[in-house]
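Please keep the sequence and the structure in view while reading.

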Amino acid sequence: MGIVFAALGGFVLDLLLGDPAWMPHPVVLMGRCITSLEGRLRAVFPRTPRGERAGGTVLAAALPLGTLALTLLLLRLCRLLHPALELALETLWCWQALAARGLAAESRRVFQALERGTLEEARKSVGRIVGRDTAALSPQGVIRAAVETVAENFSDGVAAPMVYMLLGGAPLALCCKAVNTMDSMVGYRNERYLHFGRRAAKLDDLVNLLPSRLAALLLILAAGLTGEDLRGAWRIWRRDRFCHASPNSAQTESAMAGALGIRLGGPASYFGQVHDKPAIGDSLREPEPRDILRANRMLYAASALCLILLCGLRVIIVKGV
(Lines give C-alpha, C1' and ligand atoms only; values in the text may rest on other atoms or scores of the structure.)
Protein backbone atom coordinates (compact mmCIF):
# COMPACT_ATOMS: atom_id res chain seq x y z
CA MET A 1 0.00 0.00 0.00
CA GLY A 2 3.01 2.27 0.36
CA ILE A 3 3.10 2.88 -3.39
CA VAL A 4 -0.60 3.84 -3.41
CA PHE A 5 -0.07 6.32 -0.57
CA ALA A 6 2.98 7.79 -2.33
CA ALA A 7 1.06 8.11 -5.61
CA LEU A 8 -1.90 9.78 -3.90
CA GLY A 9 0.38 12.14 -2.01
CA GLY A 10 2.36 12.99 -5.13
CA PHE A 11 -0.82 13.68 -7.10
CA VAL A 12 -2.19 16.02 -4.45
CA LEU A 13 1.13 17.85 -4.16
CA ASP A 14 1.26 18.31 -7.93
CA LEU A 15 -2.27 19.75 -7.96
CA LEU A 16 -1.51 22.11 -5.06
CA LEU A 17 2.05 23.20 -5.83
CA GLY A 18 2.91 22.21 -9.38
CA ASP A 19 6.63 22.39 -10.09
CA PRO A 20 8.20 25.07 -7.85
CA ALA A 21 11.11 26.80 -9.56
CA TRP A 22 13.24 26.70 -6.39
CA MET A 23 13.09 22.91 -6.02
CA PRO A 24 15.72 20.76 -7.77
CA HIS A 25 14.02 18.50 -10.30
CA PRO A 26 15.17 15.04 -11.47
CA VAL A 27 14.41 15.93 -15.11
CA VAL A 28 16.97 18.74 -14.98
CA LEU A 29 19.60 16.26 -13.76
CA MET A 30 18.53 13.81 -16.47
CA GLY A 31 18.97 16.52 -19.08
CA ARG A 32 22.49 17.28 -17.88
CA CYS A 33 23.34 13.59 -17.92
CA ILE A 34 22.05 13.25 -21.48
CA THR A 35 24.12 16.21 -22.66
CA SER A 36 27.24 14.86 -20.95
CA LEU A 37 26.74 11.30 -22.18
CA GLU A 38 26.06 12.46 -25.71
CA GLY A 39 29.34 14.33 -25.86
CA ARG A 40 31.31 11.40 -24.44
CA LEU A 41 29.64 8.79 -26.64
CA ARG A 42 30.09 10.81 -29.81
CA ALA A 43 33.78 11.07 -28.97
CA VAL A 44 34.10 7.30 -28.48
CA PHE A 45 32.03 5.90 -31.34
CA PRO A 46 32.81 6.47 -35.05
CA ARG A 47 31.03 9.34 -36.77
CA THR A 48 29.17 7.02 -39.11
CA PRO A 49 25.48 6.07 -39.15
CA ARG A 50 26.35 2.72 -37.58
CA GLY A 51 28.61 4.31 -34.97
CA GLU A 52 26.00 6.93 -34.06
CA ARG A 53 23.33 4.26 -33.70
CA ALA A 54 25.64 2.31 -31.40
CA GLY A 55 26.32 5.37 -29.26
CA GLY A 56 22.63 6.20 -29.14
CA THR A 57 21.85 2.63 -28.06
CA VAL A 58 24.25 2.96 -25.13
CA LEU A 59 22.57 6.22 -24.11
CA ALA A 60 19.08 4.71 -24.44
CA ALA A 61 20.08 1.89 -22.11
CA ALA A 62 22.32 3.73 -19.65
CA LEU A 63 20.05 6.58 -18.59
CA PRO A 64 16.85 4.63 -17.76
CA LEU A 65 18.74 1.75 -16.12
CA GLY A 66 20.95 4.16 -14.20
CA THR A 67 17.88 6.10 -13.04
CA LEU A 68 16.17 2.90 -11.91
CA ALA A 69 19.23 1.61 -10.05
CA LEU A 70 19.99 4.91 -8.29
CA THR A 71 16.42 5.54 -7.14
CA LEU A 72 16.00 1.98 -5.88
CA LEU A 73 19.25 2.28 -3.95
CA LEU A 74 18.29 5.59 -2.33
CA LEU A 75 14.87 4.26 -1.33
CA ARG A 76 16.49 1.17 0.19
CA LEU A 77 18.89 3.35 2.20
CA CYS A 78 15.95 5.45 3.43
CA ARG A 79 14.09 2.30 4.47
CA LEU A 80 17.06 1.20 6.56
CA LEU A 81 16.96 4.54 8.37
CA HIS A 82 13.16 4.66 8.81
CA PRO A 83 10.16 3.52 6.72
CA ALA A 84 8.61 6.99 7.01
CA LEU A 85 11.68 8.48 5.32
CA GLU A 86 11.29 6.03 2.45
CA LEU A 87 7.62 6.99 2.03
CA ALA A 88 8.48 10.69 2.12
CA LEU A 89 11.13 10.34 -0.59
CA GLU A 90 8.90 8.18 -2.78
CA THR A 91 6.05 10.69 -2.40
CA LEU A 92 8.42 13.50 -3.42
CA TRP A 93 9.49 11.62 -6.53
CA CYS A 94 5.89 10.72 -7.42
CA TRP A 95 5.09 14.42 -7.18
CA GLN A 96 8.00 15.32 -9.43
CA ALA A 97 7.08 12.63 -11.96
CA LEU A 98 3.69 14.25 -12.58
CA ALA A 99 3.11 17.45 -14.53
CA ALA A 100 -0.62 18.16 -14.63
CA ARG A 101 -0.58 21.54 -12.89
CA GLY A 102 2.55 22.72 -14.66
CA LEU A 103 1.08 21.83 -18.05
CA ALA A 104 -2.20 23.56 -17.24
CA ALA A 105 -0.40 26.65 -15.91
CA GLU A 106 1.82 27.03 -18.98
CA SER A 107 -1.07 26.57 -21.41
CA ARG A 108 -3.18 29.03 -19.40
CA ARG A 109 -0.44 31.63 -19.93
CA VAL A 110 -1.00 31.18 -23.66
CA PHE A 111 -4.73 31.80 -23.15
CA GLN A 112 -4.03 34.93 -21.11
CA ALA A 113 -1.64 36.26 -23.75
CA LEU A 114 -4.25 35.72 -26.46
CA GLU A 115 -6.99 37.39 -24.39
CA ARG A 116 -5.12 40.32 -22.87
CA GLY A 117 -1.73 40.49 -24.56
CA THR A 118 -0.36 40.47 -28.09
CA LEU A 119 0.03 37.71 -30.66
CA GLU A 120 3.79 37.95 -30.22
CA GLU A 121 3.43 37.28 -26.49
CA ALA A 122 1.15 34.33 -27.21
CA ARG A 123 3.68 32.91 -29.68
CA LYS A 124 6.44 33.19 -27.08
CA SER A 125 4.25 31.58 -24.41
CA VAL A 126 3.32 28.61 -26.57
CA GLY A 127 6.96 28.32 -27.64
CA ARG A 128 7.79 27.38 -24.04
CA ILE A 129 5.74 24.20 -24.26
CA VAL A 130 5.99 23.03 -27.88
CA GLY A 131 8.89 21.89 -30.03
CA ARG A 132 7.72 23.49 -33.27
CA ASP A 133 8.65 26.91 -34.62
CA THR A 134 6.14 29.46 -33.34
CA ALA A 135 7.31 32.81 -34.78
CA ALA A 136 4.85 32.73 -37.70
CA LEU A 137 1.85 31.07 -36.06
CA SER A 138 -1.57 32.65 -36.52
CA PRO A 139 -3.83 33.04 -33.46
CA GLN A 140 -5.61 29.82 -34.45
CA GLY A 141 -2.24 28.13 -34.92
CA VAL A 142 -1.22 29.19 -31.40
CA ILE A 143 -4.46 27.76 -29.98
CA ARG A 144 -4.04 24.49 -31.87
CA ALA A 145 -0.45 24.16 -30.68
CA ALA A 146 -1.45 24.73 -27.05
CA VAL A 147 -4.37 22.29 -27.20
CA GLU A 148 -2.23 19.67 -28.93
CA THR A 149 0.48 19.88 -26.28
CA VAL A 150 -2.08 19.58 -23.46
CA ALA A 151 -3.44 16.43 -25.12
CA GLU A 152 -0.08 14.87 -25.92
CA ASN A 153 1.53 15.75 -22.62
CA PHE A 154 -1.38 14.38 -20.63
CA SER A 155 -0.13 11.03 -21.91
CA ASP A 156 3.61 11.71 -21.52
CA GLY A 157 3.50 13.82 -18.36
CA VAL A 158 0.62 12.33 -16.36
CA ALA A 159 -0.83 9.04 -17.59
CA ALA A 160 2.43 7.26 -18.47
CA PRO A 161 4.28 8.17 -15.23
CA MET A 162 1.18 7.22 -13.25
CA VAL A 163 0.92 3.84 -14.96
CA TYR A 164 4.54 3.00 -14.17
CA MET A 165 4.25 4.56 -10.71
CA LEU A 166 1.43 2.20 -9.77
CA LEU A 167 3.31 -0.73 -11.32
CA GLY A 168 6.69 -0.20 -9.70
CA GLY A 169 6.64 2.92 -7.56
CA ALA A 170 8.57 6.14 -8.06
CA PRO A 171 11.70 4.41 -9.48
CA LEU A 172 9.78 3.05 -12.45
CA ALA A 173 7.94 6.37 -12.90
CA LEU A 174 11.26 8.25 -13.02
CA CYS A 175 12.62 5.63 -15.39
CA CYS A 176 9.68 6.51 -17.66
CA LYS A 177 10.53 10.23 -17.28
CA ALA A 178 14.13 9.47 -18.26
CA VAL A 179 12.95 7.82 -21.49
CA ASN A 180 10.64 10.73 -22.24
CA THR A 181 13.38 13.28 -21.53
CA MET A 182 15.77 11.46 -23.87
CA ASP A 183 13.20 11.50 -26.64
CA SER A 184 12.55 15.22 -26.16
CA MET A 185 16.28 15.98 -26.40
CA VAL A 186 17.65 13.55 -29.00
CA GLY A 187 14.63 11.90 -30.62
CA TYR A 188 14.54 14.20 -33.66
CA ARG A 189 14.67 13.13 -37.29
CA ASN A 190 17.16 15.80 -38.27
CA GLU A 191 20.75 15.58 -39.44
CA ARG A 192 22.23 15.58 -35.93
CA TYR A 193 19.95 13.00 -34.32
CA LEU A 194 18.58 10.87 -37.18
CA HIS A 195 20.84 7.96 -36.18
CA PHE A 196 22.01 8.86 -32.69
CA GLY A 197 18.50 9.44 -31.36
CA ARG A 198 16.79 6.55 -33.11
CA ARG A 199 16.92 4.11 -30.19
CA ALA A 200 15.70 6.73 -27.72
CA ALA A 201 12.74 7.55 -29.97
CA LYS A 202 11.84 3.89 -30.47
CA LEU A 203 12.12 3.22 -26.73
CA ASP A 204 9.83 6.19 -26.01
CA ASP A 205 7.28 4.82 -28.49
CA LEU A 206 7.38 1.44 -26.73
CA VAL A 207 7.17 2.83 -23.19
CA ASN A 208 4.18 5.00 -24.10
CA LEU A 209 2.36 2.48 -26.28
CA LEU A 210 -0.19 1.33 -23.69
CA PRO A 211 -0.33 4.54 -21.58
CA SER A 212 -1.17 6.65 -24.64
CA ARG A 213 -4.17 4.49 -25.45
CA LEU A 214 -5.34 4.52 -21.84
CA ALA A 215 -4.89 8.31 -21.83
CA ALA A 216 -7.05 8.66 -24.94
CA LEU A 217 -9.87 6.62 -23.41
CA LEU A 218 -9.67 8.66 -20.21
CA LEU A 219 -9.86 11.91 -22.20
CA ILE A 220 -12.98 10.59 -23.94
CA LEU A 221 -14.57 9.92 -20.54
CA ALA A 222 -13.35 13.30 -19.31
CA ALA A 223 -15.10 14.95 -22.27
CA GLY A 224 -18.42 13.66 -20.97
CA LEU A 225 -17.65 14.74 -17.41
CA THR A 226 -16.70 18.29 -18.43
CA GLY A 227 -19.56 18.97 -20.82
CA GLU A 228 -17.66 18.41 -24.06
CA ASP A 229 -18.62 16.09 -26.92
CA LEU A 230 -18.02 12.52 -25.69
CA ARG A 231 -19.45 10.94 -28.84
CA GLY A 232 -17.36 13.20 -31.03
CA ALA A 233 -14.25 12.33 -29.04
CA TRP A 234 -14.93 8.60 -29.47
CA ARG A 235 -15.70 8.94 -33.18
CA ILE A 236 -12.63 11.02 -34.06
CA TRP A 237 -10.38 8.85 -31.89
CA ARG A 238 -11.56 5.73 -33.72
CA ARG A 239 -10.98 7.43 -37.09
CA ASP A 240 -7.82 9.52 -36.60
CA ARG A 241 -5.84 7.85 -33.79
CA PHE A 242 -3.10 6.75 -36.19
CA CYS A 243 -2.86 10.03 -38.16
CA HIS A 244 0.67 10.78 -36.99
CA ALA A 245 4.18 9.53 -37.69
CA SER A 246 4.35 8.53 -34.02
CA PRO A 247 2.19 5.53 -33.05
CA ASN A 248 1.18 7.36 -29.87
CA SER A 249 0.81 11.11 -30.38
CA ALA A 250 -2.46 11.06 -32.33
CA GLN A 251 -4.15 8.87 -29.73
CA THR A 252 -4.81 11.72 -27.30
CA GLU A 253 -4.81 14.48 -29.92
CA SER A 254 -7.65 12.80 -31.81
CA ALA A 255 -9.71 12.37 -28.63
CA MET A 256 -9.18 16.03 -27.76
CA ALA A 257 -9.98 17.24 -31.29
CA GLY A 258 -13.22 15.26 -31.35
CA ALA A 259 -14.24 16.47 -27.89
CA LEU A 260 -13.76 20.13 -28.82
CA GLY A 261 -14.99 19.89 -32.41
CA ILE A 262 -11.89 21.49 -33.90
CA ARG A 263 -9.14 20.41 -36.27
CA LEU A 264 -5.67 19.75 -34.88
CA GLY A 265 -2.49 18.59 -36.60
CA GLY A 266 -1.66 19.70 -40.12
CA PRO A 267 1.61 21.17 -41.45
CA ALA A 268 4.06 22.40 -38.80
CA SER A 269 7.57 23.87 -38.94
CA TYR A 270 10.45 22.37 -36.93
CA PHE A 271 13.91 23.96 -37.04
CA GLY A 272 12.91 25.90 -40.15
CA GLN A 273 11.67 22.86 -42.06
CA VAL A 274 7.95 22.36 -42.73
CA HIS A 275 6.57 18.89 -42.02
CA ASP A 276 3.30 18.07 -43.77
CA LYS A 277 1.51 16.24 -40.95
CA PRO A 278 -2.04 14.97 -41.53
CA ALA A 279 -5.00 16.81 -40.06
CA ILE A 280 -6.72 15.35 -36.99
CA GLY A 281 -10.40 15.94 -36.33
CA ASP A 282 -13.12 17.85 -38.18
CA SER A 283 -13.16 21.62 -38.47
CA LEU A 284 -16.69 22.09 -37.12
CA ARG A 285 -15.68 25.60 -36.05
CA GLU A 286 -12.59 27.77 -35.76
CA PRO A 287 -10.48 27.31 -32.62
CA GLU A 288 -10.96 29.98 -29.96
CA PRO A 289 -8.81 30.86 -26.93
CA ARG A 290 -11.24 29.26 -24.47
CA ASP A 291 -10.52 25.89 -26.10
CA ILE A 292 -7.27 25.95 -24.08
CA LEU A 293 -9.28 26.20 -20.85
CA ARG A 294 -11.60 23.42 -22.03
CA ALA A 295 -8.57 21.24 -22.74
CA ASN A 296 -7.26 21.96 -19.23
CA ARG A 297 -10.54 20.94 -17.63
CA MET A 298 -10.39 17.66 -19.54
CA LEU A 299 -6.76 17.27 -18.44
CA TYR A 300 -7.65 17.55 -14.76
CA ALA A 301 -10.69 15.29 -15.05
CA ALA A 302 -8.76 12.63 -16.95
CA SER A 303 -5.88 12.84 -14.45
CA ALA A 304 -8.25 12.18 -11.55
CA LEU A 305 -9.85 9.27 -13.43
CA CYS A 306 -6.41 7.83 -14.13
CA LEU A 307 -5.42 7.98 -10.47
CA ILE A 308 -8.67 6.41 -9.25
CA LEU A 309 -8.50 3.63 -11.84
CA LEU A 310 -4.85 2.71 -11.30
CA CYS A 311 -4.92 2.96 -7.50
CA GLY A 312 -8.06 0.84 -7.45
CA LEU A 313 -6.48 -1.80 -9.68
CA ARG A 314 -3.33 -1.92 -7.57
CA VAL A 315 -5.30 -2.32 -4.32
CA ILE A 316 -7.37 -5.13 -5.87
CA ILE A 317 -4.30 -6.92 -7.22
CA VAL A 318 -2.27 -6.57 -4.00
CA LYS A 319 -5.16 -7.76 -1.84
CA GLY A 320 -5.82 -10.60 -4.26
CA VAL A 321 -2.22 -11.74 -4.03
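## Helices α5 and α7

Helices α5 and α7 are roughly antiparallel to each other, because the angle between them is over 145 degrees. The model is a predicted one, and in it the angle between α5, residues 100–116, and α7, residues 139–186, is about 175°. The axes of α5 and α7 lie 10 Å apart.

Which residues of α5 meet α7? On the α5 side they are A100, L103, S107, V110 and L114. Their partners in α7 are P139, V142, I143, A146, T149, V150, N153, F154 and V158. Sorted by class, the residues of this contact of α5 with α7 comprise 11 nonpolar and 3 polar, with no charged residue.

## Helices α2 and α7

Two packed helices are described by an angle between their axes and by the distance between those axes. For α2, which spans residues 26–44, and α7, the angle is about 50° and the axes are 10 Å apart. The crossing of α2 and α7 is right-handed.

From α2, the contact takes in P26, V27, M30, G31, I34, T35 and E38. From α7, it takes in L174, K177, A178, T181, M182, M185 and V186. The contact of α2 with α7 has 9 nonpolar residues, 3 polar ones and 2 charged ones.

## The second largest pocket

Helix α2 also takes part in a pocket: α2, α3 (49–81) and α4 (83–97) each give at least two residues to the lining of the second largest pocket. The volume of this pocket is about 300 Å³. Of the 17 residues that line the second largest pocket, those nearest its centre are P26, L29, T67, L70 and T71. P26 is also one of the α2 residues in the contact with α7.

Which helix supplies the largest share of the lining of the second largest pocket? That helix is α3, with 7 residues. The lining of the second largest pocket consists of 12 nonpolar and 5 polar residues, and no charged residues.

## The cavity

How many cavities of 30 Å³ or more are there? The count is 1. The largest cavity has a volume of about 30 Å³. Its lining is made up of D229, G232, R235, I236, A257, G258, G261, I262, D282 and L284.

Helix α10 provides the largest share of the lining of the largest cavity, at 3 residues. By class, the lining of the largest cavity holds 4 nonpolar, 3 polar and 3 charged residues.

Definitions and conventions
Residues are numbered from 1 along each chain as its sequence is written. This is a predicted model: local features need pLDDT of at least 70, side-chain atom pairs count only at pLDDT 80 or more; totals for chains, interfaces and linings use all residues. Side-chain values use heavy atoms; hydrogens and water are left out. Axes are lines fitted to C-alpha atoms, for helices over the stretch in contact, and angles run from 0 to 180 degrees between N-to-C directions. Helices (H or I, at least four residues) and strands (E, at least two) are DSSP runs, numbered from the N terminus. Angles under 35 degrees count as roughly parallel, over 145 as roughly antiparallel, 65 to 115 as roughly perpendicular and the rest as oblique. Contact means heavy atoms within 4.5 Å. Ala, Val, Leu, Ile, Met, Phe, Trp, Tyr, Cys and Pro count as nonpolar, Asp, Glu, Lys and Arg as charged, and the others, Gly among them, as polar. On a 1 Å grid over the protein atoms alone, a cavity is a set of points where a 1.4 Å probe fits but cannot get out, and a pocket is an open set with protein on both sides within 12 Å along at least five of seven lines; lining residues have an atom within 4 Å of a point. Grid points are joined across faces, edges and corners, and a volume is the space filled by probe spheres set on the points. A crossing is left-handed if the near helix is turned anticlockwise from the far one by less than a right angle, and right-handed if clockwise.
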